[in-house]
Amino acid sequence: MINDVVIVGAGPVGLFLAGELALAGVRPVVLDRLPARSGEQKANGLVGQVLRLLDHRGLYQQLSGVPGTPQPVPRFVFGAFPLELHRLDRNPLHAVPVPQHRIEEVLEERARELGITVRRDCEVTGFHQDATGVTVDVHGPDGAEQLRTRYLVGADGGRSTVRKLAGIGFPGVTSPDPVSRIAHVLPPEGIRTTDSGEVLLPGYPTPFRTYTHTRTDHGVFVISPFSPDAVMIVTLEWGGPPVDERTPLTLDELRASIHRVTGADLPLAPARTTGQFTPRRTVGHNTRLAERYRDGRVLLVGDAAHVHAATGGPGLNLGLQDAANLAWKLAAELQGWAPPGLLDSYHRERHPIGERVFMHSQAQIALMAPGHGTTALRALVGELLAHEDNLARIAALMAGSDIRYDTGCPHPSAGGFAPELALTTADGAVRLAELTRGGGALLLDLTGGSLGLADRAAGWKDRVDVVAAECAEPPAGALLLRPDGYVAWATAAGEPDRAGLERALRTWFGEPRV
């Protein structure tokens with residue numbers, strides 16, 4: 001049997017990619033070397049525009065645990081600078097605290113509901129690609145076997161076997177500093193909470209804001225009370241005592257690090273929580289970006305394509321949007337309607353986004369380091385962030401909302417993620433995000449249908465849904481949305497660019513059916 005797609009890696013990115021492919025009519029097989037979901041605490045939440053993408057798929061409420069739509073956060077952090085985002089008229093940054101094991105649980109449940117096979121305890125040991133597909137060597141519970149697939153996708157993390165076997169270079173920088181230590185503990189004795197919600201540590205003169213990085217003279221400290229029984233504590237140190245990376249992090253080691261960074265001596269005990277919250281130490285930071293995201297019939301997504309410091313939580317924002325960008329293009333190729341170069345546009349669009357995260361994650365680490373030079377630099381950056389236009393630029397950078405793909409359309413809405421719109425259609429009130437649950441492309445006439453665009457798009461009706469609607473403050477007369485939520489084309493209501501629509505349909509969705 002020949003599979004359409006084999007995905008290696010059943011983490012959040014691999015599982016989300018599988019679900020997106022299934023929505024597009026492709027049934028992938030997912031392989032993972034672990035016998036079961038690890039439950040290990042890695043990511044602590046979702047940050048950025050990815051929450052709006054998840055809302056488009058009906059997953060936001062399930063992951064956030066709250067009803068309604070994604071809401072901007074009033075505060076965030078950049079390089080241990082507090083970002084007072086409530087000052088902005090238009091705040092683009094969303095964030096939801098949710099542990100990675102919960103994200104994987106929700107996405108695997110979705111994958112299975114869509115009929116996707118997730119095969120665990122299966123390790124890829126090699127592959128060979130030719131003109132028509134890829135033969136994958138797998139070692140599983142029953143021994144060695146081979147799978148034949150038309151495409152192979154590596155979603156298997158920063159140490160990606162798929163990337164290494166494909167011979168794709170992974171250039172970047174590695175630094176021995178900082179040493180990061182993180183654990184979930186019971187609320188330590190001796191700390192006090194102020195009326196404003198800040199935390200006072202014994203021996204440190206000023207309070208610490210929760211859920212944010214605070215730079216001291218000797219490192220960085222973070223305290224995040226996720227529940228009455230679980231506080232996450234993080235330290236970052238530069239030039240600290242030698243570390244034996246072969247030994248696991250203990251709470252005594254973290255306690256000593258807290259003392260060096262803050263001067264406080266905090267007794268620590270493990271948190272009483274569900275899930276695996278193993279104390280974790282990371283020595284140095286590794287920032288690397290794959291030279292190419294595609295090698296013939298082999299593709300990379302998520303951490304297999306890029307690794308970086310976790311500061312600011314950009315990883316899943318980047319990786320899940322990789323998956324959304326790739327899925328519909330790969331499905332188009334498999335189904336025979338992809339225009340020339342569509343699949344190659346995955347690398348062309350996403351690699352520069354990886355470069356931006358590469359840049360700002362390193363910048364944040366540099367801004368948190370100790371030293372008089374860094375202190376002077378922080379004084380300057382602090383002055384710049386006092387201006388709302390600079391604050392807005394950093395907020396957009398962290399959200400990923402500054403992304404503008406080159407779609408060939410001059411309208412200001414083109415290339416960006418679809419706006420949040422409250423619509424009125426012939427069937428009643430609906431949000432734009434609710435029209436995209438099925439993961440397909442959408443041509444949205446915001447004049448209630450008066451532009452007459454349905455006839456222009458008739459040849460693509462098997463690939464593009466057409467909806468006529470009205471809204472209070474339309475950003476354009478019409479929008480053509482790609483399946484990943486980005487606007488491929490837009491036009492004004494007064495002078496609709498119908499020829500531009502047809503060009504965009506051909507560019508992104510191939511030739512019309514007769």
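This note sets out points on the fold, the surface, the cysteines and the backbone of the chain.

1. Basis of the model. The model is predicted: local features require pLDDT of at least 70, side-chain atom pairs count only at pLDDT 80 or more, and totals for chains, interfaces and linings use all residues. Residues are numbered from 1 along each chain as its sequence is written, and side-chain values use heavy atoms, with hydrogens and water left out.

2. Overall fold. The chain contains twelve helices and 26 strands; these are DSSP runs, numbered from the N terminus, with helices being H or I of at least four residues and strands being E of at least two. The radius of gyration is 24 Å, close to the 24 Å given by the globule rule for 514 residues, so the chain is as compact as a globular protein of that length. That radius is taken over C-alpha atoms, and the rule is 2.2 Å times the number of residues to the power 0.38. Along the principal axes, the C-alpha atoms fill a box of roughly 75 × 60 × 40 Å.

3. Packing and contacts. Of the 514 residues in the chain, 54% are buried (under 20% relative accessible area; exposed is over 50%, and partly exposed lies in between, with a 1.4 Å probe and protein chains only). Among contacts (heavy atoms within 4.5 Å) with a separation of 6 or more, 68% are between residues 24 or more positions apart.

4. Surface and charge. The accessible surface comes to about 22100 Å², and carbon and sulfur atoms hold 51% of that surface; the Shrake-Rupley method with a 1.4 Å probe was used. The chain has 50 positive and 58 negative charges, whose mean positions are 2 Å apart. Lys and Arg count as positive, Asp and Glu as negative, while His and the chain ends are not counted.

5. Cysteines. There are zero disulfides in the model, a disulfide being a pair of cysteine sulfur atoms within 2.5 Å. For C409, the closest cysteine sulfur is that of C471, at 17 Å, which is too far for a bond. C409 is buried, at 17% relative accessible area, and C122 also counts as buried, at 3%.

6. Backbone points to inspect. Most residues other than glycine have a negative phi, and most peptide bonds are trans. D177 and P178 are joined by a cis peptide bond with omega of about -5°, and P178 lies in strand β11 (residues 172-185). A80 has a positive phi, near 70°; this residue sits in the loop between β4 (75-78) and β5 (81-84) and is buried, at 6%. Y211 likewise has a positive phi, near 60°. Y211 is in the loop between β13 (199-200) and β14 (214-216) and is partly exposed, at 47%.

Methods: The place of a charge is taken as NZ of Lys, CZ of Arg, CG of Asp or CD of Glu.
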